[in-house]
Every structure is written in structure tokens, then in C-alpha cells.
Amino acid sequence: MDQLAALFAASFVAATLFPLPSEAALFAYLKAHPEQVVLGVAIATLGNTMGGMTTYLIGRLLPNRQLNARALRVLHRWGAPATFFAWLPIVGDALSAAAGWLRMNWLAARVFMAAGRLSRYIAVAVFAQ
């Protein structure tokens with residue numbers, strides 16, 4: 001149970017402004033518990049999505065001048081589906097914050113964020129096998 005809590009925490013923190021490799025945490029968990037692939041992927045996805053939504057919430061509080069202009073252009077063009085790529089290093093945090101600042105529908109942003117993060121963690125799980 002402690003390992004699941006650590007996986008959740010690492011995944012959550014990795015989706016905020018702190019650089020942390022949540023993929024490595026999931027990979028290590030799956031190597032230690034290969035029979036718990038679904039649980040590991042689910043916990044990592046949940047933690048990382050909640051961290052991304054925290055960044056989304058922070059974005060709602062940011063003044064205009066503090067946002068990444070490129071992320072704003074992407075979100076204006078593609079809308080909430082662009083948050084599928086919020087798991088990417090560097091630009092992901094900007095996409096999450098910009099989605100919040102633009103007051104994009106939180107549920108749509110959460111669904112697309114979760115889908116992108118789930119896809120990434122499934123790839124890690126396949127690689128760990």
C-alpha cells in the first residue's frame with residue numbers, strides 16, 4: 001500500500017510545475033508488482049490527472065501576462081482536446097494552466113488530460129512487461 005501511495009504522489013507531483021519522472025515510478029512499481037498492471041496504471045493516471053487539474057486551477061488564478069503565448073494559441077485553435085497532450089514535458093504544464101486561464105470546460109479538459117495520461121502509462125506498462 002505504501003508503494004501505491006508513493007506512485008500516486010510521484011504521479012501527482014509530476015503533473016505540477018515540479019519536474020519528476022512519473023513514468024520511472026510506474027515502471028519501478030510494475031517491475032516490483034507485475035501482477036498489478038491495471039492497478040498501477042490506474043493509480044498513476046489518477047494521480048497525474050489530479051495534478052494536471054491542480055495546474056488547471058492555478059491557471060484560473062493567473063493574470064494575462066504570466067501565460068505561455070504558444071499554449072494559448074494552441075488552445076484557442078484546438079480547444080479542450082489539446083489538453084490530451086498536457087502530459088508532455090515543458091509544454092504540458094503550460095497547456096494545463098492556459099486551459100484554466102481560458103476557463104475551458106473543466107470536465108472536457110479533465111477527460112482529455114486523463115486520456116492522454118492513460119495512453120502514456122499504458123505504453124510504459126507495455127514496455128515494463
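What follows is a chat about some helices, a few residues and a pocket.

Q: Before we start, what kind of model is this, and how are residues numbered?
A: The model is predicted, so to speak of local features takes pLDDT of at least 70 and side-chain atom pairs count only at pLDDT 80 or more, while totals for chains, interfaces and linings use all residues. Numbering runs from 1 along each chain as its sequence is written, and side-chain values use heavy atoms, with hydrogens and water left out.

Q: OK, how do helix 1 and helix 3 pack?
A: Helix 1 (residues 2-14) meets helix 3 at an angle of about 35°, and their axes are 7 Å apart. Helices here are DSSP runs of H or I, at least four residues, numbered from the N terminus. Axes are lines fitted to C-alpha atoms over the stretch in contact, and angles run from 0 to 180 degrees between N-to-C directions.

Q: Which residues make that contact?
A: From helix 1, Leu-4, Leu-7, Phe-8, Ser-11, Phe-12 and Ala-14; from helix 3, the list includes Leu-39, Gly-40, Ile-43, Met-50 and Thr-54. Contact means heavy atoms within 4.5 Å.

Q: And by class?
A: The contact of helix 1 with helix 3 has 10 nonpolar, six polar and no charged residues. Ala, Val, Leu, Ile, Met, Phe, Trp, Tyr, Cys and Pro count as nonpolar, Asp, Glu, Lys and Arg as charged, and the others, Gly among them, as polar.

Q: What does Thr-55 touch?
A: Not counting residues up to four places away in sequence, Thr-55 touches Ala-15, Thr-16, Asp-93, Ser-96 and Ala-97.

Q: Where is Ser-96?
A: Ser-96 is in helix 5, and at 0% relative accessibility Ser-96 is buried. Leaving aside neighbours within four places in sequence, Ser-96 contacts Gly-52, Thr-55, Tyr-56, Ala-86, Met-113 and Arg-117.

Q: How many residues of helix 5 are buried?
A: Eight of its 11, so helix 5 is mostly covered. Among the buried ones are Gly-92, Ala-94, Leu-95 and Gly-100. What covers the buried residues of helix 5 includes helix 3, helix 4 (69-78) and helix 6.

Q: What happens just after helix 5?
A: Arg-103 takes a positive phi of about 60° there. Arg-103 lies in the loop between helix 5 and helix 6, and is partly exposed, with a relative accessible area of 46%.

Q: New topic: what lines the largest pocket?
A: There are 20 lining residues, and Ala-14, Leu-20, Trp-87, Leu-88 and Pro-89 lie nearest its centre. A pocket is an open set of points on a 1 Å grid over the protein atoms alone, where a 1.4 Å probe fits, with protein on both sides within 12 Å along at least five of seven lines; lining residues have an atom within 4 Å of a point. The lining of the largest pocket divides into 12 nonpolar, four polar and four charged residues.

Q: Which helices supply at least two residues of that lining?
A: Helix 2 (22-32), helix 5 (91-101) and helix 6 (106-128) each do.

Note on methods:
Buried < 20%, exposed > 50% of the residue type's maximum accessible area, 1.4 Å probe, protein only.
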